[in-house]
Amino acid sequence: MAATKKILVIVTNTGEYEKVGMRTGLWLGELTHFWDVAAEGGYTMDIASPQGGRIPLDPESLSHEVLAELGTDKRYRDRAFMDLLEDTRKISNVHLDDYDAIYLTGGHGVMFDFPQTPELEELMARFYESGRVVSTVCHGGTGLLNVVLSNGDPLVKGKRVTGFSWPEEELANRADAVPYNLQERLKELGADYSTADKPFEPYVVEDGRLITGQNPGSARGVAEAVLKQLSTA
C-alpha cells in the first residue's frame with residue numbers, strides 16, 4: 001500500500017433528532033481539532049458524508065465557550081475552511097486507494113445516518129482489511145456498529161474501543177433524545193469498551209490500526225494517535 005498522505009474525514013448530514021425535533025449535526029471541534037493536528041503533520045484531507053452536499057452544525061458546538069477551545073474559533077472564522085462543509089463528497093463516490101486513513105467525526109447527528117449507510121460500513125471494512133487506519137471520535141463510533149469483516153465478525157469484536165458514554169449522554173441531557181445507547185451497543189458486539197475515569201475527560205484507545213476517542217475533547221488525541229500509527233506503517 002503506497003502512502004498518499006491523505007485522510008478521509010466523514011461527517012453527518014443529519015441536522016435534527018428524530019424523536020424530539022431539537023437541532024443537531026456535526027460537532028465542529030471534532031473536525032477542527034483533528035484537522036489542525038493532521039494538517040500540521042503534513043496530511044491533506046477530504047470531507048465526505050452519506051448524502052454529500054451541505055453539512056449541518058450542532059448549534060451547541062458553536063457557543064462562545066466551545067469555539068474558544070483549542071482554536072476552533074479560528075477555523076470557524078475561516079470562510080475557506082467553512083466552505084468545505086457546503087459541498088462535501090458523497091461516500092459512495094470516494095476511492096479507497098486515495099487515502100491512508102479514515103476518521104469519523106461525531107455530533108449526535110451521526111447516530112441516525114452513520115449506521116444506516118451501507119456504503120460507509122463497506123468502506124470501513126475495506127479500509128481496515130487493506131491495512132489502513134480506521135479512527136473515530138465520540139458518537140463517530142456509531143459508524144462501527146454495522147461494520148462486518150470478510151470473516152463474518154463485527155470489526156469491533158474483541159477490540160479495545162471507546163466512544164461517547166451513557167453517563168456523558170445523561171450529563172448532556174440527551175438520554176431521552178438519542179435512539180440507542182452507544183456504549184451498550186458496542187459491548188453487545190463483543191467490544192472491550194472502556195472510558196476515562198471521569199466524564200468528558202479526554203480519552204483515546206488504540207488497538208492496532210483501530211483508534212477511538214471517547215468525547216469531543218479526545219479529537220486531538222485521536223489525530224495524534226493516527227499520525228503515530230501512520231508513521232510506523
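Contact, on this tour, means heavy atoms within 4.5 Å. The model is predicted: local features need pLDDT of at least 70, side-chain atom pairs count only at pLDDT 80 or more, and totals for chains, interfaces and linings use all residues. Residues are numbered from 1 along each chain as its sequence is written, and side-chain values use heavy atoms, with hydrogens and water left out.

**Stop 1: Met-124**

Select Met-124. Set aside its neighbours within four places in sequence. Met-124 is then in contact with Ile-102, Leu-104, Val-134, Thr-136, Gly-143, Leu-144 and Val-147.

Keep Met-124 on screen and bring up the largest nonpolar core, which has 36 residues. A nonpolar core is a set of buried Ala, Val, Leu, Ile, Met, Phe, Trp, Tyr and Cys residues joined through side-chain atoms within 4.5 Å. Buried means under 20% relative accessible area, exposed means over 50%, and partly exposed lies in between (1.4 Å probe, protein chains only). Which members touch the most other members of this core? They are Leu-8, Ile-10, Ile-102, Met-124, Phe-127, Val-134 and Leu-186.

Now colour by element. Helices (H or I, at least four residues) and strands (E, at least two) are DSSP runs, numbered from the N terminus. Strand 1, strand 4 (101-104), helix 5 (110-113), helix 6 (118-129) and helix 8 (182-188) each supply at least two residues of the core. Helix 6 gives the largest share, 6 residues. A second, separate core has 33 residues, including Val-9, Leu-67, Met-82 and Leu-85.

**Stop 2: the sheet**

Show the strands alone. Two strands pair if DSSP finds at least two bridges between them. An open sheet of 7 strands runs in the order 3-2-1-4-5-9-8, with mixed pairing. Where are its edges? Strand 3 and strand 8 (204-207) are the edge strands, and each pairs on one side only.

**Stop 3: strand 2 and its partners**

Select residues 44-49, strand 2. This strand is mostly covered, with 5 of its 6 residues buried. Strand 1 (residues 6-10) pairs with strand 2 in the parallel sense over 5 bridges. Look for Val-9 and its bridge partner in strand 2, Ile-47. Then trace the chain from strand 1 through helix 1 (residues 28-40) to strand 2: this β-α-β crossover is right-handed. The term means that, with the strands pointing away from the viewer, the path from the first strand over the helix to the second runs clockwise.

Turn to strand 3 (residues 89-90). It pairs with strand 2 in the parallel sense over 2 bridges. Ala-48 has Arg-89 of strand 3 as its bridge partner.

Finish here with Ser-49, in strand 2. Ser-49 counts as buried because its relative accessibility is 0%. Leaving aside neighbours within four places in sequence, Ser-49 is in contact with Val-11, Asn-13, Ile-55, Thr-88, Arg-89, Lys-90 and Ile-91.

**Stop 4: strand 5**

Select residues 133-137, strand 5. Why is strand 5 largely enclosed by the rest of the structure? Because 5 of its 5 residues are buried. In a regular strand the side chains alternate between the two faces of the sheet. Val-133, Ser-135 and Val-137 lie on one side of strand 5, Val-134 and Thr-136 on the other, and all are buried.

Strand 4 pairs with strand 5 in the parallel sense over 4 bridges. Ile-102 has Val-134 of strand 5 as its bridge partner. Strand 9 (residues 210-213) also pairs with strand 5 in the parallel sense, over 4 bridges. There, Ser-135 is partnered by Ile-211, and Val-137 by Gly-213.

**Stop 5: helices**

Show helix 6 with the sheet. Helix 6 lies across strand 1, strand 4, strand 5 and strand 9, running at about 140° to strand 4. Helix 1 lies across strand 1, strand 2, strand 4 and strand 5, at about 155° to strand 2. Axes are lines fitted to C-alpha atoms, for helices over the stretch in contact, and angles run from 0 to 180 degrees between N-to-C directions.

From helix 1, the contact includes Gly-29, His-33 and Val-37; from helix 9, Ala-219, Val-222 and Leu-227 are among the residues.

**Stop 6: two loops**

Select Leu-70, in the loop between helix 2 (64-67) and helix 3 (72-76). Leu-70 has a positive phi of about 55° although it is not a glycine. Its relative accessibility is 45%, so Leu-70 counts as partly exposed.

Last, select Phe-200, in the loop between strand 7 (192-193) and strand 8. Phe-200 is not a glycine, yet has a positive phi of about 70°. At 40% relative accessibility, Phe-200 counts as partly exposed.
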